Amino acid sequence: MGKRDYSPFGADAKRAVETGLTAAEWYHTEVPRKVMKDLMARSDGPAIRDTVVLYGCMILLAGIGIALWPLGWSAPFWLAYGVLYGSASDSRWHECGHGTAFRTPWMNNSVYQIASFMIMRNPATWRWSHARHHSETYLVGRDPEIAVMRPPELAKVVLNFFGIIDVLRFFPVILRNALSGPTPEEKTFVPESDWGRVQSMAIVHVAIHAAALALAVWMGSILPLMVIGLPRMYGAWHHVMTGLLQHGGLADNVIDHRLNSRTVLMNPISRFIYWNMNYHVEHHMFPMVPYHALPRLHEIIKDDLPPPNRSIADGFREMWPAFRRQLLNEDFFVKRDLPPTAKPYREDFHQYVPGMSRPSAAE
Amino acid sequence: MPWIDACATDDIDEEDLIRFDHGSQTFAVYHSPEGEFFATAGLCTHEEAHLCNGLVIGHLIECPKHNGQFDYRTGEAKRTPACVNLKTFPVKVEAGRVFIEVA
């Protein structure tokens with residue numbers, strides 16, 4: 001097939017709609033209703049505990065960093081603060097955007113707004129982009145959250161470990177949002193009723209960043225930017241590392257999350273930062289299950305899923321060579337074996353859009 | 001409009017729902033925490049996912065696909081990405097059966 005066209009106005013997007021791929025039924029593992037109800041049950045307790053720990057650590061680490069500033073001794077505290085600001089905010093944005101982290105809506109909304117600011121995403125825009133990501137996960141031209149397009153631009157992937165690409169993209173868009181509302185691309189997934197909100201949220205974000213910048217200029221020091229803004233860059237590496245593993249090197253244009261998403265077992269610190277989104281097949285199949293119930297869900301449905309990667313390193317050992325092969329053949333993807341207990345990948349559940357040739361899968 | 005026998009009252013746990021199909025229409029029938037019964041259209045107004053796989057939280061039904069929420073008593077959309085209200089249907093309970101007045 002020819003090169004993929006990731007534009008929402010492009011040929012692949014149009015074809016996905018015309019052929020019914022966007023309206024297709026996705027595969028779900030069968031879970032008894034009573035079990036699923038128990039898994040979906042909401043509570044405030046786990047997220048309040050984790051939020052107190054997160055924000056408490058951030059205040060403590062930033063406080064020590066400021067107290068030791070500008071000594072080199074402050075660096076480890078900034079590095080730790082940066083990961084909580086520039087990476088843990090990604091998972092808080094995500095879970096609270098789904099509305100599943102807390103039972104109480106205002107708690108979800110408050111953490112969502114704070115996390116959106118830290119991770120540099122317009123909260124009004126990204127709520128909609130993520131809805132599309134779940135409806136049409138990795139459908140080319142339709143999913144606005146495809147992290148690594150094919151053929152992969154590995155230099156950009158590496159630069160993004162320091163937030164460089166994301167931040168360079170964020171500021172022009174947020175300024176444009178503040179001046180004139182959503183961009184034409186954003187209007188393809190944000191309903192008109194929210195266009196005003198896109199603009200007002202952008203104005204708030206621009207004002208806070210401008211205030212931090214003005215304070216830095218007035219003080220003649222980058223210290224204010226070490227607290228607000230820069231940690232999105234020097235602390236981004238963890239969320240990029242874990243985020244790439246979600247779908248990297250796997251299939252696109254399929255409607256079975258077992259083919260396009262990856263579950264990776266991780267250490268407890270990474271799971272705290274990532275809020276259990278390492279159970280990513282489970283999350284995509286059942287997005288109503290809160291983060292704290294995903295390990296239980298994994299135990300219940302794991303016999304119907306490909307075996308999880310055993311560690312972050314194991315996930316990268318699978319994903320990175322796939323990226324490299326996609327440099328030469330962008331149709332390549334990793335197709336994991338299912339256990340004998342699983343329902344097979346049904347051909348009619350991952351039909352490719354007519355007009356495309358079938359991608360070549362790994363053995 | 002005809003009243004259609006949808007289910008027995010004990011077919012639905014409290015604070016839960018079931019799907020009920022009639023002709024070409026699909027409905028969601030709810031059992032509230034107070035023991036009352038309600039009925040709405042069965043598909044989310046956002047992307048037409050079946051609400052029967054969703055979660056009832058008090059008087060809200062949360063769509064299983066994108067977590068949009070509706071008040072199932074009034075059909076009012078309460079949380080994005082659900083923006084358009086759900087259609088609701090009159091319900092009556094007689095002799096342990098739940099009836100829906102189908103439009």
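A: Two strands pair if DSSP finds at least two bridges between them. Strands are DSSP runs (E, at least two residues), and so are helices (H or I, at least four), numbered from the N terminus. This is a predicted model: local features need pLDDT of at least 70, side-chain atom pairs count only at pLDDT 80 or more, and totals for chains, interfaces and linings use all residues. Residues are numbered from 1 along each chain as its sequence is written, while chains are lettered from A and ligands numbered from 1 in the order in which they are written.

Q: In which sense do β2(B) and β3(B) pair?
A: Strands of a sheet pair through backbone hydrogen bonds, either parallel or antiparallel. Strand β2 (residues 16-22) of chain B is antiparallel to β3(B), and seven bridges join them. One of the pairs is I18(B) with V29(B), the latter in β3(B). The two strands form a hairpin with two residues between them. There G23(B) takes a positive phi near 60°.

Q: How many bridges does β3(B) make with β4(B)?
A: Five, again with an antiparallel pairing; β4 covers residues 37-41 of chain B. V29(B) faces A39(B) of β4(B). This pair is also a hairpin, with five residues between the strands, and G35(B) in the turn has a positive phi of about 90°.

Q: Is strand β3 of chain B mostly covered or mostly open?
A: Count C-beta atoms, placed from the backbone: a residue is buried with 20 or more others within 10 Å of its own, exposed with 12 or fewer, and partly exposed in between. By that count, β3 (residues 25-31) of chain B is mostly covered, with five of its seven residues buried.

Q: Why is A41(B) partly exposed?
A: A41(B) belongs to strand β4 of chain B. It has 19 other C-beta atoms within 10 Å, and therefore counts as partly exposed.

Q: What does A41(B) touch beyond its sequence neighbours?
A: Contact is a distance test: C-beta atoms, placed from the backbone, within 7 Å. Leaving out residues up to four places away in sequence, A41(B) touches F27(B), L86(B) and K87(B). From A41(B) to R97(B) is 56 residues in sequence and 19 Å in space, C-alpha to C-alpha.

Q: Which residues touch the most other members of the largest nonpolar core?
A: A nonpolar core is a set of buried Ala, Val, Leu, Ile, Met, Phe, Trp, Tyr and Cys residues joined through C-beta atoms within 7 Å. The largest one has 73 residues; L17(B), A28(B), V29(B), Y30(B) and I61(B) touch the most other members. Helix α4 (residues 75-98) of chain A gives this core its largest share, eight residues. Apart from it lies another core of nine residues, including A131(A), I174(A), V198(A) and A202(A).

Q: With what is A28(B) in contact, apart from neighbours within four places in sequence?
A: The partners are L17(B), R19(B), A39(B), T40(B), G42(B), L51(B), C52(B) and I61(B).

Q: In what order do the strands of the three-stranded open sheet of chain B stand?
A: The order is β1-β11-β10, with antiparallel pairing. β1 (3-8) and β10 (91-94) of chain B each have a single partner strand, so they stand at the edges with one side lacking a neighbour in the sheet. The twist averages 30° from one strand to the next, with axes as lines fitted to C-alpha atoms (for helices, over the stretch in contact) and angles from 0 to 180 degrees between N-to-C directions.

Q: Which residues face each other across β11(B) and its partners?
A: On the β1(B) side, five antiparallel bridges reach β11 (residues 97-101) of chain B. A8(B) stands opposite R97(B), and D5(B) stands opposite F99(B). On the β10(B) side there are four bridges, also antiparallel. K92(B) has F99(B) as its bridge partner. The hairpin of β10(B) and β11(B) has two residues between the strands; A95(B) in the turn has a positive phi of about 50°.

Q: Which residues of β11(B) are on its covered face, and which on its uncovered one?
A: V98(B) and I100(B) make up the covered face. R97(B), F99(B) and E101(B) make up the uncovered one.

Q: How many residues of chain B are in contact with chain A?
A: Chain B contributes 14 residues, which contact 15 residues of chain A.

Notes
Two residues are in contact if their C-beta atoms, placed from the backbone, lie within 7 Å.
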